[in-house]
Amino acid sequence: MKDEKYMRETLTDRTGRPLKRVRLQKRVELRRLYAAHQPRWRHPLIGYLASVPIVALGVAASMLGRQILGANFFFPGIPPSISILIVALFWGVGPALLSVLLATIALDYFYIPPSFQFDLMTLKGVLQILPFLVSGLFIAIIVAQRESARMRALEAEEESNQRADELEQLNEELKQANSMKDQFLSIASHELKTPITTIRGQAQVALRRLSKLPQDRPEMETMTTTLQRIDAQTHRLSDLVDDLLALSGLRSGKLQLDMSDCDLAQVCREVIEDQRLLHNRPIELTTPPVPVIVCGDSNRLNQVVTNLVSNAIKYSPSESPVQVRIQQEKGRVLLMVQDFGKGIAQDQVAQIFEPFYRTPDAVSSSKQGMGLGLAICKDIVERHNGRIWCESIPGQYTTFYVELPGAS
Ligand code: ADP
């Protein structure tokens, strides 16, 4: 028993302060805050002072009522009750309780016969005043509840303000961590770029030298295959580093866009030509008969269309077509890249634009990728004040949309 009491006394909060004290302190702080929220004239001290004349008025009104109406004055408790109510509403529970006390004494002394003497010591006197006392106390209780509800609301508001401050601080820290991560990514990519290029260059030189030597020894073939693998893998690594550099450049705003009026239809034609040569796939292009002028960086827009078309080719069967369409209407240009592959499940569509996200299907397939292409597309499109999104019905089609403002 003693131990339990000791434990209760020594319970502390996260900061190590005793819980009970914190609670009490909090209540005092809340009261102070509550008082600070009220106008000056509603300070409890003024309420205590004001309750004397207000109650006096109420009791006087009752006596006046009795004088005017005589025996027909049925509810003498009402005027003092109104006085209590006024005090309670404006100054709270403390002054209200004082008003109850004052009104009870005054009614007893002035109103309840025999007048001008105290009857509260007798049972009859107590019974006569009891209904008024109870109703007065009820008013005080209701006001106390109202006050405590207001204080709770104030406490909740205080707490939510505190949480909002904490969240803001956390957000700031996250932003800092994020920018450090971007900085790290950018430095690491720059540092990786040189050795990768060197390794690739050396592998290509060795391959060239090897091809000039007589191919009569069996190790030659193994060496050639190894060097080709090194070349292919360093090519992949180099692409990845380029993507990382592009992404961190775009995110940090360091990568400047070279904006000028350019024909999006022409950009698509160039991309499609390259992709046809690379993959030997049917790619259909539908554009308006006139140039589709947008204000943008043609190299970066080329990167967007290349990513979308190469993805369409990569994630659909080799014999199926890829369609690229451009529409122009009401000052905006809409580019659509559609394929008829496996598609993307609804719950994954929103995530494919996040860096490094790959759908489970893509991860388990033999198709290589790092999940950066669409994140780069999104950043480029958004820096052109455009939008990119995807609609897909698994097993039927996948369409990527890019909406850009038309050149004015
Ligand atoms: P990756 O290098 O993996 O292709 P992307 O950022 O270009 O990276 O694409 C992210 C993911 O979106 C891909 O891994 C793939 O799961 C999905 N995806 C993109 N385009 C298509 C498409 N046309 N059809 C189906 N899935 C796609």
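Tutor: The size of an interface is often given as the accessible area lost when the parts come together. Here, domain 1 and domain 2 bury about 1100 Å² between them, and carbon and sulfur atoms give 62% of that area. Buried area is the accessible area (1.4 Å probe) that two parts lose on being put together, summed over both. The model is predicted: local features need pLDDT of at least 70, side-chain atom pairs count only at pLDDT 80 or more, and totals for chains, interfaces and linings use all residues. Residues are numbered from 1 along each chain as its sequence is written, and side-chain values use heavy atoms, with hydrogens and water left out.

Student: What are the bounds of domain 1 and domain 2?

Tutor: The domain assignment, which is automatic or from a database, gives 38-255 for domain 1 and 260-405 for domain 2. Their C-alpha centres lie 45 Å apart. Eleven residues from domain 1 and twelve residues from domain 2 take part in the contact, defined by heavy atoms within 4.5 Å.

Student: How many salt bridges are counted between domain 1 and domain 2?

Tutor: A salt bridge requires a side-chain nitrogen of Lys or Arg within 4 Å of a carboxyl oxygen of Asp or Glu. Between domain 1 and domain 2 the count is zero, whereas the whole structure has eleven salt bridges.

Student: Which parts does the salt bridge of R200 and D231 tie together?

Tutor: The closest N and O atoms of R200 and D231 are 3.0 Å apart. R200 lies in helix 6 (residues 123-212) and D231 in helix 7 (residues 218-252), so the pair ties together parts that are 31 residues apart in sequence. Helices are DSSP runs (H or I, at least four residues), numbered from the N terminus.

Student: Is D231 buried or exposed?

Tutor: Buried means under 20% relative accessible area, exposed over 50%, and partly exposed in between (1.4 Å probe, protein chains only). D231 is buried at 17%, while R200 is partly exposed at 23%.

Note on methods: Helix = DSSP H or I, 4+ residues; strand = E, 2+ residues; numbered from the N terminus.
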